Structure formats: structure tokens, C-alpha cells
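Please find below a colleague's note on the structure shown here. The points are numbered and may be read in order.

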Amino acid sequence: MDAEAPTQLEKNQTATVPRQETVEGGSTGETAGGGGVAKVAKEQDHDAEYHPPTSYLETIVHLFKGNIGPGLFAMGDAFKNGGLLVAPLLTVVIAVVSIHCQHVLVACSKKMRDLKGETVCADYAQTVEQCFENGPPKLRGWSRTMGRLVDIFICVTQLGFCCIYFVFISTNLKQILQAYDIDMNVHVVMLLAFVPVLLSSLITNLKWLTPVSMFANVCMILGLAITLYYALKDGLPEVEERALWTNGSQLALFFGTAIFAFEGIALVMPLKNAMRKPHQFERPLGVLNVGMFLVSVMFMFAGSVGYMKWGEQVGGSLTLNLGDTILAQSVKLMVSAGVLLGYPLQFFVAIQIMWPSAKQMCGIQGRSLLGELGFRTFMVLVTLAIAEMVPALGLFISLIGALCSTALALVFPPVIELISRSELNKGPGIWICAKNLVILVLALLGFFTGSYESLKQIVKHFGEEEVH
């Protein structure tokens with residue numbers, strides 16, 4: 001039996017079902033407790049009705065959407081700060097390191113699963129906790145703290161994305177309405193966006209969320225395709241007219257933007273555990289490599305073409321360079337729809353972590369679909385309220401992201417690999433130490449550059465408000 005075949009559903013989603021082994025087709029084996037096999041099979045079938053496993057293609061759709069957001073259209077500005085030669089090279093390096101760290105997380109989770117004799121790979125936080133539990137004696141006391149810290153970082157990051165999505169959608173829709181002489185307050189537009197966001201967020205599993213993510217991907221790809229067509233239709237300037245590299249401060253801006261563009265590691269374990277055949281996730285031509293390759297190509301293409309076409313005048317979003325035309329409005333509408341329908345996937349990861357604890361606090365026993373829908377509604381309202389009330393929200397989220405995103409993407413994976421590879425009276429090896437040290441240095445660069453630029457922008461923003 002394939003060691004990964006039993007995994008059909010997320011660990012948190014199957015918390016109420018006794019552990020059992022299943023083959024890839026989904027048949028139920030005998031449970032460890034003996035007896036009650038029929039009851040367990042019935043519960044498994046009932047659970048599968050709510051959380052059917054996803055296929056290879058469906059998982060790629062989710063991975064793609066989880067990594068493609070408003071940042072895609074900001075890559076032209078990022079390449080302006082990096083230079084036409086340096087930016088693509090650094091983008092490749094950052095992409096390779098980020099994807100490697102995601103593979104490290106999967107490998108550590110599998111190692112902990114085998115060590116504990118379990119059938120389901122643990123999620124990110126549980127993997128970190130288990131690595132510390134089974135690591136050197138001096139680190140074992142930190143296991144629970146580290147696990148909780150990862151959960152907090154994931155929830156802050158994912159819900160932060162959700163808040164920013166509200167701001168992004170309402171700002172773009174307001175601009176579209178203004179083009180047709182309809183003046184509406186941005187806060188009112190945000191309230192109008194709440195209804196479709198809420199309806200899509202009430203989808204409780206990844207299988208049923210696939211059409212939503214697929215439509216969101218189509219919107220984002222079409223929006224980018226129209227933008228690139230507009231950029232390429234009259235040809236591009238000569239390469240000599242663009243900077244091949246830039247100075248240190250501009251490069252720091254590029255680095256800060258690019259390193260956070262690949263922060264999709266929080267989705268890795270939920271997507272793997274939701275697959276019908278989880279071993280297809282991390283293999284050479286599996287979901288992770290293929291999906292992230294496509295994401296990286298899109299980032300590279302958007303950044304290089306955007307900067308080549310508009311040079312120093314490239315906007316913070318490529319749509320700003322299209323002018324006030326019907327074409328520009330259609331792209332803004334497509335991108336807004338793509339971002340709106342990307343909200344439930346980012347939201348899903350945070351809810352998967354928060355709902356079991358919320359259910360326990362409320363004394364809810366067993367599966368409660370009504371309770372989960374109520375909790376989801378409440379959390380969507382919380383993200384809406386934060387988006388409505390907090391001034392300069394994007395700047396604060398960027399500052400939080402500089403810490404949380406970098407830690408999740410580039411700090412915890414090398415740390416847990418060093419711990420899991422260590423043996424009694426023997427270190428993890430020179431190659432593993434050297435490789436992970438380089439990744440941690442990259443993470444520190446991301447942390448300091450992102451934090452510095454975010455703080456600078458916050459000070460600048462509130463300084464300008466005081467002047468006015």
C-alpha cells in the first residue's frame with residue numbers, strides 16, 4: 001500500500017473521524033481499535049460527502065489562484081526597481097528558493113507522519129510542533145509555542161490578504177463607476193462587494209471551490225493578456241533605453257516585492273492533504289512544481305514586458321498605464337472579479353485553523369455545518385470591518401507581512417529541516433547547514449528590506465496627512 005494513499009482529506013477536516021487506512025480508491029480498511037468498522041466506514045462516507053477529494057488538475061487550479069493576486073500587476077513596477085537584467089535573474093532565484101522551501105515542508109511533514117505511524121500528513125503548524133518535539137532535547141520545550149506561532153502567522157497573513165482584497169476590489173470598482181460619471185463612496189462600494197464575497201466564502205471544501213478558483217484564474221489571465229496585448233501591439237522600445245541594473249535602495253524595493261509574491265506556502269499542506277492521490281503533489285512533474293512554474297512564468301512575463309513598454313513611467317499596477325479607456329475599464333473589472341473570487345481560497349486556510357478551536361470554545365459537538373457557516377459569516381464581517389475602518393490598511397498589512405510572510409516562506413522550513421535531519425550526537429551535515437544558512441540570510445534580507453520600506457511608507461503617509 002502506498003504510504004500516502006490513505007490521505008484523502010485535510011487533517012482538521014477529519015478530526016471527528018477515527019483514524020483509518022484507505023486505499024487510493026477510497027475503500028475502508030480495518031481500524032486500529034477493532035470492531036466498529038461499519039460505523040467508521042459510515043462516518044467516512046458521511047465526511048466524504050462534505051469534503052470530497054480533489055484531482056491533480058483541481059489542485060493546480062487552487063495553487064495557481066492562491067499565488068496569483070493583485071501583486072501580478074505590480075511586477076512591472078518591481079522590475080523597474082530591479083533592472084531589466086538583474087530583476088529576472090533574482091526572480092528565478094527567489095522562485096527556486098521558495099519552491100524548495102515548500103518541498104522541505106512537505107518532506108518534514110511526511111517524515112513526522114512516518115515517525116508517528118500516522119496516515120495523514122500534519123498541517124504546517126503541527127509539522128513544526130512535531131519537528132521540535134522530536135528534535136534535540138533543548139528544543140522540545142518550544143514545540144507547542146512554535147506550533148501556535150505558525151498558526152498565528154498564517155491566520156494574520158491570510159486574513160490580512162482578505163482585508164486587502166476588499167480594499168482592492170472597492171477601489172477598482174469605484175474607478176470604473178467614476179468613468180461613467182457615477183460617484184459612489186468607496187465604503188459603500190465595499191459593502192456592495194460584501195455580498196458576493198460572503199456567498200463564495202460559504203463554500204466549505206476545496207472540491208466545490210474549484211469552479212470559483214477556475215473562473216478567478218480565467219479573469220486574471222484574460223486581464224493580463226489584454227494588458228500585454230496593449231503593451232505589445234505597437235512594439236517595444238530598444239533594450240538600451242531601459243536600465244539593466246539599479247542601485248542598492250531600489251534593489252531592496254524589488255527584493256521586498258518579489259519575495260512576498262511567492263508566499264503561498266500556507267496553502268501547501270491543505271492542498272496536498274485534500275488530494276485523492278497526495279503523492280502527485282510533490283513529485284517532479286507534480287502539482288507543486290508545475291503550478292509554481294506557471295506562476296513564475298507569469299510573474300516574469302508581466303514584469304519584463306511591463307517595464308520594457310513603459311519604463312520609468314510604469315504604474316504600481318499595469319492597468320494604470322492603459323489610460324481611461326473602455327479597454328482599461330474591462331481589465332479592471334476582470335482583475336476585480338479575479339481578486340474577489342480569490343478571497344475564499346485565502347479565507348479557507350485561516351478558517352481551517354480557527355474553526356476547530358472556535359467550535360471547542362462554543363461547545364459544539366461533532367460536525368456542525370450551520371455553526372461553520374455562521375462562523376465564516378462572522379469572520380468575513382470582521383475582515384470587512386477592518387477594511388472599512390483602518391486607515392492606510394495596505395501599509396500596515398505590508399509591515400505585518402514582512403515579518404509573517406518571510407517567517408512562513410523562508411525561516412521555518414530551513415529551521416525544521418535542520419532539526420529533523422539532526423541525529424543524537426550528530427548534526428544534519430555540512431551541505432544541509434550551508435544551504436539552509438543561505439536561505440536564512442535571504443530571509444533576513446527580505447525581513448529588513450520589507451520592514452524598512454513599509455515603515456518608511458507609513459511615516460510618509462501620515463506625515464502627508466498632517467500637512468493637509
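**Notes on the predicted model**

1. Cys362 has 60% relative accessibility and therefore counts as exposed. The classes are buried (under 20% relative accessible area), exposed (over 50%) and partly exposed in between, with a 1.4 Å probe and protein chains only. Cys131, at 1% relative accessibility, counts as buried.

2. This is a predicted model, in which local features need pLDDT of at least 70 and side-chain atom pairs count only at pLDDT 80 or more, while totals for chains, interfaces and linings use all residues. Residues are numbered from 1 along each chain as its sequence is written, and side-chain values use heavy atoms, with hydrogens and water left out.

3. The count of disulfides is zero, where a disulfide is a pair of cysteine sulfur atoms within 2.5 Å. For Cys131, the closest cysteine sulfur belongs to Cys108 and lies 4.6 Å away, which is too far for a bond.

4. The protein chain has 17 helices and zero strands. Both are DSSP runs numbered from the N terminus: helices are H or I with at least four residues, strands E with at least two.

5. Helix α3 spans residues 75-82 and is largely enclosed by the rest of the structure, because seven of its eight residues are buried. These buried residues are Met75, Gly76, Ala78, Phe79, Lys80, Asn81 and Gly82. After α3 comes Gly83, with a positive phi near 100 degrees.

6. Of the 468 residues in the protein chain, 51% are buried. Among its contacts (heavy atoms within 4.5 Å) between residues at least 6 apart in sequence, 81% join residues at least 24 apart.
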